[in-house]
Amino acid sequence: MRWLCQRLIDFSCGRLGSSPILTPAHYGRKYLDVQFSSRDGTTLGGWLLPAEHPKGVVLLCHGIYSTRASMLSKAVWCNQWGYACLLFDFRGRGASSGLGSSLGVNETDDVQAAVDFIKQRPELASLPLAA
C-alpha cells in the first residue's frame, strides 16, 4: 500500500526541474552554490547568501510547485538587512535530486538537512536561525 501511495504522489507531484533564470548575482548579492544531503542520501542544491556581520540566518523554503528561485526576492531583502540566507530546492525540484514531492513525508528531512548544514558552518553555527 505504501508503494502505491508513493507512486500516486509521484504521478501528481512529479519532478520539477529547471535551471534558475535569476540568481542572487542578478541582484548584486554574493552567494555560494551549495549542496548537502538529506537523511536518505538525496542531494539538495541551494544558495547561501553570506552577510558581512550577520545578525542571524534565515532559511527560506519554497512551495510544492516551485523552486528556490521563488524565494529569491525575499532572500535578497533579508540579506540587505544583514542576515545570511539559505535557499534550497526540495527533493525533485530545481537542482536537487529525486523524482518528486512526497507531500511532506520526506521534505521534513530536507528541512532538517538544511538546518544541519547551517549548524555545520562555523561562521553561522552560533547565530539565531529563523525559517
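Mentor: Buried here means under 20% relative accessible area. Keep in mind that this is a predicted model.

Trainee: OK. Which residues of helix 3 are buried?

Mentor: Glu107, Asp109, Asp110, Ala113, Ala114, Phe117 and Ile118.

Trainee: And what covers the buried residues of helix 3?

Mentor: The cover includes strand 1 (32-37), strand 2 (43-49), strand 3 (57-61), strand 4 (84-88) and strand 5 (129-130).

Trainee: What span should helix 3 have, at 1.5 Å a residue?

Mentor: Its 14 residues should span 20 Å, and the end C-alpha atoms are 20 Å apart, which agrees.

Trainee: Back to Glu107. Where is Glu107 placed?

Mentor: In helix 3, which runs over residues 107-120.

Trainee: Which side chain of opposite charge is nearest to Glu107?

Mentor: Arg91, 4.7 Å away.

Trainee: What is Glu107 in contact with, leaving aside its neighbours within four places in sequence?

Mentor: Phe90, Arg91, Gly100, Ser101 and Ser102.

Trainee: New topic. How many aromatic pairs does a search of the whole structure find?

Mentor: Five. One of them is Tyr31 with Trp47, an edge-to-face pair with 6.0 Å centre to centre and 75 degrees between the planes.

Trainee: Which parts does the pair of Tyr31 and Trp47 tie together?

Mentor: Tyr31 lies in the loop between helix 1 (2-12) and strand 1, while Trp47 is in strand 2, so the pair joins parts 16 residues apart in sequence.

Trainee: Tyr31 first: what is its relative accessible area?

Mentor: It is 26%, so Tyr31 is partly exposed. Trp47 has 2% relative accessibility and counts as buried.

Trainee: How are Phe36 and Phe117 arranged, stacked or edge-to-face?

Mentor: Stacked, at 5.0 Å centre to centre and 25 degrees between the planes. This pair links distant parts of the chain, with Phe36 in strand 1 and Phe117 in helix 3, 81 residues apart.

Trainee: Phe36 and Phe117, buried or exposed?

Mentor: Phe36 counts as buried at 8% relative accessibility. Phe117 is buried too, with a relative accessible area of 11%.

Trainee: Last one. What lies over the face of Trp47?

Mentor: Arg68, at 4.4 Å from the ring centre.

Methods: Residues are numbered from 1 along each chain as its sequence is written. This is a predicted model: local features need pLDDT of at least 70, side-chain atom pairs count only at pLDDT 80 or more; totals for chains, interfaces and linings use all residues. Side-chain values use heavy atoms; hydrogens and water are left out. Helices (H or I, at least four residues) and strands (E, at least two) are DSSP runs, numbered from the N terminus. Buried means under 20% relative accessible area, exposed over 50%, partly exposed in between (1.4 Å probe, protein chains only). Lys and Arg count as positive and Asp and Glu as negative; His and the chain ends are not counted. A salt bridge is a side-chain nitrogen of Lys or Arg within 4 Å of a carboxyl oxygen of Asp or Glu. Contact means heavy atoms within 4.5 Å. The expected span of a helix is 1.5 Å times one less than its number of residues. Rings of Phe, Tyr and Trp (its six-membered ring) pair if their centres lie within 6.5 Å; planes under 30 degrees apart count as stacked, over 60 as edge-to-face and the rest as tilted. A charge sits over a ring if NZ of Lys or CZ of Arg is within 6 Å of the ring centre and within 35 degrees of the ring normal.
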